[in-house]
Amino acid sequence: MVVVHRVFRRESALLPRLVRAVPDGATARAAQVGAHLAEYVTGLHHHHTVEDETLWPLLRERAPDDALVVRMEEQHQRIDRSLAVVADRTPAWERSAGPAAARELALALEEHRSALLEHLDDEERLVLPLVAEHLSVAEWDLVGRRGLETVPKNKLLIALGAILEEATPQEQAYFLGKAPFIGRLMWKAVGRRRYTASCRALRGPLNGGAGR
C-alpha cells in the first residue's frame, strides 16, 4: 500500500503542473494530459473501491472501535467530491486549452491533492497498524490481488513501471517476484522501455524534454 500511495502522491503533484504547462490553444497536448488524468482518476477510484469492499468491512468487524473506519470512508467521500470538481472543469479545458480554464482545473487538482494527502497520511499512520493486528497475511494479499485485477491487461506494464519508479531496490524485487514469469520477461523486454517513453512524452515539457 505504501508504495502504491507513492504513485498517487507523485501523479497528483504532477497533474496541476502538466495542466499549467500546456501552451495556450494546444488542444492536442491538452487531450494527451487529459487522457493521463482520466487514467489517474480511474486508478484511484479502483484503489478506493477495493478498500471499501474488502478492507473496511474486515476492520469494522474486528477492530475495537470503528471510528477510524468511518473517518476513512468520509475521507473517500471528500476525495470523490474533489474529483467531481475536476471532472466538471476538465472538458472546457480540453476544448480550449485556454489559460483561464487551465487555471481553474489546476486549482481543482490542487484541492484534490490536499484531500488525498490527508487521507494517505492517515491511512499509513493509523490504518496499517490495525491491518497488521487484525488481518492475516492471506487476507492482506487478497486486497492486493483485488487491486491488480482492476488494471486492464494492456496497461499492466505501464502500471508496473509506475510502481517500480517509486520503489526501493528491495521493493522492486518484491513486486517483480509477485509477477508471473512471462510478466517479468515482458517487463525486461519491452515494459521498461515503454514506460520510459511514456514518461518522456508526458513529462518532457516540464523539464526541457527529459523523460524522468
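**View 1. The bend in helix H8 at Trp187 of the predicted model.** In this predicted model, helix H8 bends by about 55° at Trp187. H8 covers residues 181-203, which makes 23 residues. From its first C-alpha to its last, H8 reaches 30 Å, close to the 33 Å expected at 1.5 Å a residue. Trp187, where the bend is placed, is one of the buried residues of this helix.

**View 2. The buried residues of helix H8 and what covers them.** Gly183, Trp187, Gly191, Tyr195, Cys199, Leu202 and Arg203 are buried in H8. An α-helix has 3.6 residues a turn, so residues three or four places apart point the same way. The cover over the buried residues of H8 includes helix H1 (2-21) and helix H2 (27-62). Helix H6 (156-165) and helix H7 (169-178) are also among the elements that cover them.

**View 3. The largest nonpolar core.** This core has 26 residues. Val19, Tyr40, Leu44, Trp93, Leu109 and Leu116 are the residues with the most contacts inside it. Helices H1, H2, H3 and H4 (99-134) each supply at least two residues of the core. H4 gives the most, with nine residues. In soluble globular proteins, nonpolar side chains tend to be buried together.

**View 4. Leu109 and its contacts.** Leu109 is among the residues with the most contacts inside the largest nonpolar core. Not counting residues up to four places away in sequence, Leu109 touches Leu15, Pro16, Val19, Leu37 and Val86. Val19, one of these partners, is likewise listed among the residues with the most contacts inside the core.

**View 5. Gln75, a buried residue of helix H3.** Gln75 belongs to helix H3, which runs over residues 67-96. Its relative accessible area is 8%, under the 20% limit, so Gln75 counts as buried. The side chain of Gln75 makes a polar contact with the side chain of His119 at 2.7 Å. A polar contact also joins the side chains of Gln75 and Asp122, at 2.8 Å. With neighbours within four places in sequence left aside, the residues in contact with Gln75 are Glu118, His119 and Asp122.

**View 6. The salt bridge between Arg9 and Glu124.** The side chains of Arg9 and Glu124 meet in a salt bridge, with 2.9 Å from N to O. This pair links distant parts of the chain: Arg9 is in helix H1 and Glu124 is in helix H4, 115 residues apart. Glu124 has 23% relative accessibility and counts as partly exposed. Side chains of opposite charge can pair when their charged atoms come close. The count for the model comes to 18 salt bridges.

**View 7. Arg60 with Asp66 and Glu73.** Arg60 forms a salt bridge with Asp66, and the closest N and O atoms are 3.2 Å apart. The side chain of Arg60 also meets that of Glu73 in a salt bridge, at 2.7 Å from N to O. Arg60 in helix H2 and Glu73 in helix H3 are 13 residues apart, and the pair links distant parts of the chain. Arg60 is partly exposed, at 34% relative accessibility. Asp66 is partly exposed at 31%, and Glu73 is partly exposed with a relative accessible area of 26%.

How values were computed: Residues are numbered from 1 along each chain as its sequence is written. This is a predicted model: local features need pLDDT of at least 70, side-chain atom pairs count only at pLDDT 80 or more; totals for chains, interfaces and linings use all residues. Side-chain values use heavy atoms; hydrogens and water are left out. Helices (H or I, at least four residues) and strands (E, at least two) are DSSP runs, numbered from the N terminus. Buried means under 20% relative accessible area, exposed over 50%, partly exposed in between (1.4 Å probe, protein chains only). A polar contact is a pair of N or O atoms within 3.5 Å; within protein, one must be able to donate a hydrogen and the other to accept it, and residues adjacent in sequence count only if both atoms are side-chain atoms. Contact means heavy atoms within 4.5 Å. The expected span of a helix is 1.5 Å times one less than its number of residues. The bend at a residue is the angle between axes fitted to the seven residues ending there and the seven starting there. A nonpolar core is a set of buried Ala, Val, Leu, Ile, Met, Phe, Trp, Tyr and Cys residues joined through side-chain atoms within 4.5 Å. A salt bridge is a side-chain nitrogen of Lys or Arg within 4 Å of a carboxyl oxygen of Asp or Glu.
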